[in-house]
Amino acid sequence: MIVCIAEKPSVARDIADILGAKNKKDGYIEGNGYQVTWTFGHLCTLKEPHEYTPEWKRWSLANLPMIPPRFGIKLIESPSIEKQFKIIESLMANADEIINCGDAGQEGELIQRWVMQKAGAKCPVKRLWISSLTEESIREGFAKLKDQSEFQSLYEAGLSRAIGDWTLGMNATRLYTLKYGQNRQVLSIGRVQTPTLALIVNRQLEIENFKPEPYWELKTIYRETTFSATKGKFTSKEEGYEFLEKVKYSDFTITDVSSKKGVEYAPRLFDLTSLQVECNKKFGYSADETLKLIQSLYEKKVTTYPRVDTTFLSDDIYPKCPAILKGIKDYTTLTAQLEGKKLPKSKKIFDSSKVTDHHAIIPTGVHPMNLSDMERRVFDLVARRFIAAFYPDCKVSTTTVLGEVEKIEFKVTGKQILEPGWREVFAKSQSDEKDEEERTLPSFTKGESGPHQPDLNEKWTQPPKPYTEATLLRAMETAGKLVDNDELRDALKENGIGRPSTRAAIIETLFKRNYIRKEKKNLIATPTGVELIQIIHEELLKSAELTGIWEKKLREIEKKNYEAKTFLEELKQMVTEVVNNVLSDNTNRHITIQNAVKEEVKKEPKKREKKAPTPKKPKEEKPVPEENKDNIIGQPCPLCGKGVIIKGKSAYGCSEWKSGCTFRKGFDE
């Protein structure tokens, strides 16, 4: 019997249908020589500190650093998870072969490997590696099954990431809580979470400490067109007025008129981060909301695998593009112009060398049905980007006009769209964003002159803008360096912090920990968040750049260019240094305790599956002061982060216990 294991029940049903397995059993589907079962995301996690040694249950500075000689995994405590695991274990015990059908990414690989390891699977294992859940894609994947050994480095990278997060998170959280949290509040420290918070805090402090300074700009209006002095800004009002007086009484003369024709290329296809950025800008969706929406579209088979960090397609996708365009029937007005023609194959779209595990997010060609309004908006963005990729370039003419008064030069630039090309694909509102830049200038002739209206405008320097989720995602992607250039951004991605699939969760964690809050679209650090970053002196814990270098090493493990063993040795050394540095701090610094401000709960996108809530790594339990334990009632749950602590008949627990949270602390503990 061949056992297939998918990451969730809905995917398992799709696979079972295609394999001809029709008999529904408890926890799996059987038939045609296959047994198709599933997990609920993570079933296993790394063991908690006290499960390595009982001494580590007590929060004590003397026990730090906690570095197990060998890391172990355990089943997450949940009745539904335990029941499903027993079914998986019994199926694997009798299997002739296992096919890992988990999500085709680092986390998906880790989830299934841990389950197989915990179940003690001994038979050969194959890997299903697909980029969409359409019938065609699944059939093609089963026809080209790969050996599990080909994904060993992917697993090692995922395992190193999990161990890295555990080692740094567990040690640093206990260290800072005991040293600076006055034993009243858990100070959560994370490998990606803390440098992300530092980006927000540092930007906020820049804004608070910003001192605006005046400057002056010399402009003049000639033939209803505003020209700017090429000298730029004047830092002295007197100097500005001196130039104003020079030009006041003389005519303005056109010295040069030049036009340059050029092209504008269609926007790149979406990777996950750029989609999250666009949805935040256009619709105000959070990164987490966008991830849930595009995941739902993937599970509904209308878009491809979402957790990707490339904007390119591999060459083998090109022959499939006409069928995909034909399949998105709601866009026939736009796709009709491409029918019957050979689609262009641009290197800006198709480049196999820039595609690793998965290509950019595109439609699958399956007609979308029963989408929510939010899902429809996200699908529309993906579909239009894909269609625009095959439209002609937008042809423009850029006109630059130079003028002069008493040898002082002025300049104005205008742009005219000659042929809209791909711009036809997008709604008018998107084109309107550049209206000012795309103004058409009057016809000027070199040598003409006449009266003008000069003026000196006083302006003030502006502070940097607070981060929004869109700009924070870009900053995480490029380790804090905000750049607009696509090519440069691609180069910086290597050192980005976090992975595309985890950045949304990191931002949500900062909200849950009450380290940040939202004002309109702006992300604002709370006093607790600001103080936490200010109290951390170890740059390794809060530098986006240094964390980015660490992230790069994890990617190098995946590419087989770096040893996981070396990474873990460096990790242990780093954590030991951090512990020693903090323990040697003799100052009496403490964090001010701030009560969490409840955020307005947004309506989440509709989910297809109810899956057991599964924390991705063990969370630290909160130390409770002996003198008044009832003070913890109403505090955020230290295990799941979603609920609050409530008092039961015999113990404290979490308000999310019905959803599977297992936090429990006896009255006498």
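The crossing of helices H8 and H14 is left-handed in this predicted model, and the axes of H8 (residues 272–283) and H14 come within 8 Å and cross at roughly 160 degrees. That angle makes H8 roughly antiparallel to H14. On the H8 side the contact is made by Thr273, Ser274, Gln276, Val277, Asn280 and Lys281, and on the H14 side by Glu469, Ala470, Leu473, Arg474 and Glu477. In general, an α-helix has 3.6 residues a turn, so residues three or four places apart point the same way.

Helix H14 (residues 469–477) is mostly covered, with eight of its nine residues buried. These are Glu469, Ala470, Leu472, Leu473, Arg474, Ala475, Met476 and Glu477. After H14 comes Ala479, which has a positive phi, near 50 degrees.

| Helix pair | Axes come within | Crossing angle |
|---|---|---|
| H8 (residues 272–283) and H14 | 8 Å | roughly 160 degrees |
| H5 and H20 (residues 564–583) | 10 Å | roughly 5 degrees |

With axes that cross at roughly 5 degrees, H5 and H20 are therefore roughly parallel to each other. The residues of H5 that take part are Glu156, Ser160, Ile163, Gly164, Thr167, Leu168, Asn171, Leu175, Tyr176, Lys179 and Tyr180, and they meet Ala564, Phe567, Leu568, Leu571, Met574, Val575, Val578, Val579, Val582 and Leu583 in H20.

Tyr176, one of the H5 residues that meet H20, also has a place in the largest nonpolar core, where, of 153 residues, Ile15 and Tyr176 touch the most other members. Helix H5 (residues 152–180) gives this core its largest share, eleven residues. Apart from it lies another core, of 19 residues, which includes Trp216, Tyr222, Leu244 and Leu441. If residues up to four places away in sequence are not counted, Tyr176 touches Gly181, Leu187, Ile189, Ile535, Ile536, His537, Glu538, Leu541 and Val582.

The cysteines call for a separate look. The count of disulfides comes to zero, where a disulfide would need a pair of cysteine sulfur atoms within 2.5 Å. For Cys101, the closest cysteine sulfur is in Cys4, and the two sulfurs are too far apart for a bond because the distance is 4.5 Å. Cys101 is buried, with a relative accessible area of 6%, and Cys123 is also buried, with a relative accessible area of 14%.

Glu51 lies in the loop between strand E5 (44–46) and strand E6 (73–75), and at 32% relative accessibility this residue counts as partly exposed. Although Glu51 and Gly72 are 21 residues apart in sequence, their C-alpha atoms are 9.1 Å apart in space.

For the protein chain as a whole, the secondary structure comes to 20 helices and 21 strands, and buried residues make up 52% of the 669 residues. Among the contacts between residues at least 6 apart in sequence, 75% join residues at least 24 apart.

Terms used:
Residues numbered from 1 in each chain as written. Predicted model: local features only at pLDDT ≥ 70, side-chain atom pairs only at ≥ 80, totals over all residues. Heavy atoms only, no water. Buried < 20%, exposed > 50% of the residue type's maximum accessible area, 1.4 Å probe, protein only. Core = buried A, V, L, I, M, F, W, Y, C linked by side-chain atoms within 4.5 Å. Helix = DSSP H or I, 4+ residues; strand = E, 2+ residues; numbered from the N terminus. Contact = heavy atoms within 4.5 Å. Axes fitted to C-alpha atoms, helices over the stretch in contact; angles between N-to-C directions. Parallel < 35°, antiparallel > 145°, perpendicular 65-115°, else oblique. Left-handed = near helix turned anticlockwise from the far one by under 90°.
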